Amino acid sequence: MKRLTDNKSSWLGNGVKLLLILVIYGCVMVVIDGQLVGRQMLSLIVPICINIILAVSLNLATGFLGELTLGHAGFMSIGAYTGALITLNANMPEPAALAVGLAAGGLMAALFGLIIGVPVLRLKGDYLAIVTLAFGEIIKSVINSLSITNGAQGLSGISTLTNYRHFTIVFILTVVTVVLISNLVRSRHGRVICSVRDNEIAAEATGVPVSKVKIMAFVISAFFAGIAGVIYAHNVGILKPTNFDYNKSIEILVIVVLGGMGSIRGSIIAAILITVLPEILRGADDLRMLLYSVVLIAMMLFNHSKIKERINDKLEQRKKSRKEA
Amino acid sequence: MNFWTNLIEQIINGLRTGSIYALIALGYTMVYGIAQMINFAHGDVIMVGAYALYVFSINMSLPPVAAVPLTIAVCGVLGILMEKVAYKPLRKAPRLAVLITAIGMSFLLQSGSLLIFGATPIPFASILPAGAVSLGGISISVTSLITMAVTVVIMIGLTLFVNKTKAGRAMRAVSEDSDAAGLMGINVNKTISMTFAIGSALAAVAGILYICQYESLKPTMGALPGIKAFVAAVLGGIGSIPGAMLGGIVLGLIESLSKAYISTRLSDAIVFGVLVVVLLVKPSGLLGKNRTEKV
């Protein structure tokens, strides 16, 4: 009986979510078509979607799997370059080339995720963070020295197939990413992923294939980073290796931390905030980095402070008393 | 003949860069040994040291004899402050939280100096005497000689300090087991602060030697030597002081030789490749202790 009502409410919940998605889509389309806001704001719409995809996918690796990776921008750059090279060189109608580019970009990033993940995920915590950072730098310096990626000059003249005029496709990709990852997290696989985070040894003892699970989550995370990279490439039209440095990885991490590790809703809200905020605080571009760092430190100190414990206790007490009443 | 002189000069270059890496790596390794955390902001302490030296010796036009100790003091205090503000409240928190805070700290220092000094690199004339010593057809710059000499002196001093003094014994005790050390009457907080101060002071020395060699200042200058020194610390076995020294020298040699004989552009990739290989083959490093996992 309980199960039935649960199902019903989740159907209702899904209905509300679907409606919400459609409403957001409608509103953004009206804004774009009616040119209700300035160009500056319009050009932020796609970066918001890109950051949402990046943050949600990093959250899978960092928030749910519990492995801090600092090379997310590296996977993004692999996707971006792969997708851009395909649309630049393929003799196909543009939409088809973009579709192929998206698939190839994602798969290439996933492949690199696999190649890097298999050896690296044997490491833990701090070491893993550093090695992923190192890999991000290696990817950057290899792209910098290859001729096919045009070295430090980068690629230019990529047709802007995913800028705000093509919002529909970007929006669909974002929604699909969010839905896929949040469903994955709630599924059996997702619970396995969380079990590895919560206690690796216990998970292993209960028969969870820990390395396999880690690699799976890592590869999926890399795949979506690659997709975000392809969208990025076809939004700005110019690619340079320096676009994907360590700072970009940190920016994504800030989004995930600000939104709350292991919270997809939080990642989405934080992605919107972090993308829009610098634009509002324009002219204070130097302050942006300072703000990021203060946010990171303050969030961590707050999350582990006594104030937070007290707030949590109070909230629980209130819940209890409400139940009793 | 030509090949051999070239090789020897590259090796000397490697030893010079390697000594700087070793000095920075010592800070990583000491802090890791005592607080079980990677101080991500350690690389940026080098940058703060470099800017501090610039302010003291150019803006306030102090002689090097006064500017250098002041720089070291500034960094030592910075190390203590960092520990008190950001890391101490998180001592019992999960490691992920500490690591993210350290990344935040690193960003804070970088963006702070970006706000104060701007992004354009500031040229800085070396405070060390220019010139070179010629030894059998091989010329060694005075900067290199001083860098290596300073490093050797510091290494000997540090080894003596850690092994022979009471404070050094306290440090070793805290890194072995901080709770037990506390019960034996060691002031754990003070010892940890002292470790951060020493590590940061070494980073300041490294920063001074670094800008005397590269003669240019920018807010992100600490990031790359910081990461490379971390690689050195891991290579030698993190937590081990002789390991950090060895790792730094080895890494400097690898970098300088790969720059000379393989590719300048890929030398960073090679250095990071070394890190990956070391971690995969022998995660405890060359001189590190193996630790078994307990439930």
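How many residues does the contact take from chain A and from chain B? The contact takes 40 residues from chain A and 41 residues from chain B, where contact means heavy atoms within 4.5 Å. The model is a predicted one, in which local features need pLDDT of at least 70, side-chain atom pairs count only at pLDDT 80 or more, and totals for chains, interfaces and linings use all residues; side-chain values use heavy atoms, with hydrogens and water left out. Residues are numbered from 1 along each chain as its sequence is written, and chains are lettered from A and ligands numbered from 1 in the order in which they are written.

The interface can be described first by its area. Chain A and chain B bury about 3700 Å² between them, and 80% of this lies on carbon and sulfur atoms. Buried area is the accessible area (1.4 Å probe) that two parts lose on being put together, summed over both. On the side of chain A, the residues that lose the most area to chain B are A:D126, A:Y127 and A:I130, which together account for 17% of what that side buries.

Which helices of chain A each supply at least two residues of the side that touches chain B? They are helix 4 (94-120), helix 5 (125-145), helix 10 (246-259) and helix 12 (285-303). Helices (H or I, at least four residues) and strands (E, at least two) are DSSP runs, numbered from the N terminus. Helix 5 of chain A gives the largest share of that side, 14 residues. By kind, the residues of the side of chain A that touches chain B divide into 28 nonpolar, seven polar and five charged. In this division Ala, Val, Leu, Ile, Met, Phe, Trp, Tyr, Cys and Pro count as nonpolar, Asp, Glu, Lys and Arg as charged, and the others, Gly among them, as polar.

Across the interface of chain A and chain B, the rule finds zero salt bridges. A salt bridge is a side-chain nitrogen of Lys or Arg within 4 Å of a carboxyl oxygen of Asp or Glu. Over all chains, the count by this rule comes to six salt bridges.

Within chain A, A:K214 forms a salt bridge with A:E67, with the closest N and O atoms 3.3 Å apart. This pair links distant parts of the chain, for A:K214 lies in helix 9 (residues 210-236) and A:E67 in the loop between helix 2 (39-64) and helix 3, 147 residues apart. Both A:K214 and A:E67 are buried; buried means under 20% relative accessible area, exposed over 50%, and partly exposed in between (1.4 Å probe, protein chains only). A:E67, A:E200 and A:K214 are linked in a network of salt bridges.

Chain B also holds salt bridges. B:E255 forms one with B:K228, the closest N and O atoms being 2.5 Å apart. B:E255 lies in helix 10 (residues 241-261) of chain B and B:K228 in helix 9 (residues 223-236), so the pair ties together parts that are 27 residues apart in sequence. B:E255 is buried, with a relative accessible area of 4%, and B:K228 is buried, with a relative accessible area of 4%. In another pair, the side chains of B:E83 and B:R91 meet in a salt bridge at 2.7 Å, N to O. Here B:E83 is buried at 2% relative accessible area, whereas B:R91 is partly exposed at 38%.

The fold of chain B may now be considered as a whole. Its secondary structure comes to 11 helices and four strands. With 295 residues, a compact globule would have a radius of gyration near 19 Å, and chain B, at 19 Å, agrees with this. The radius of gyration is taken over C-alpha atoms, and the globule rule is 2.2 Å times the number of residues to the power 0.38. Buried residues make up 54% of the 295 residues in chain B.

Two loop residues of chain B deserve attention for their backbone angles. Most residues other than glycine have a negative phi. B:Q36, although not a glycine, has a positive phi of about 55 degrees, and this residue lies in the loop between helix 1 (2-35) and helix 2 (42-59) of chain B. B:E215 likewise has a positive phi, near 55 degrees, and lies in the loop between helix 8 (188-214) and strand 4 (216-217) of chain B. B:Q36 is partly exposed, with a relative accessible area of 32%, and B:E215 is partly exposed at 37%.
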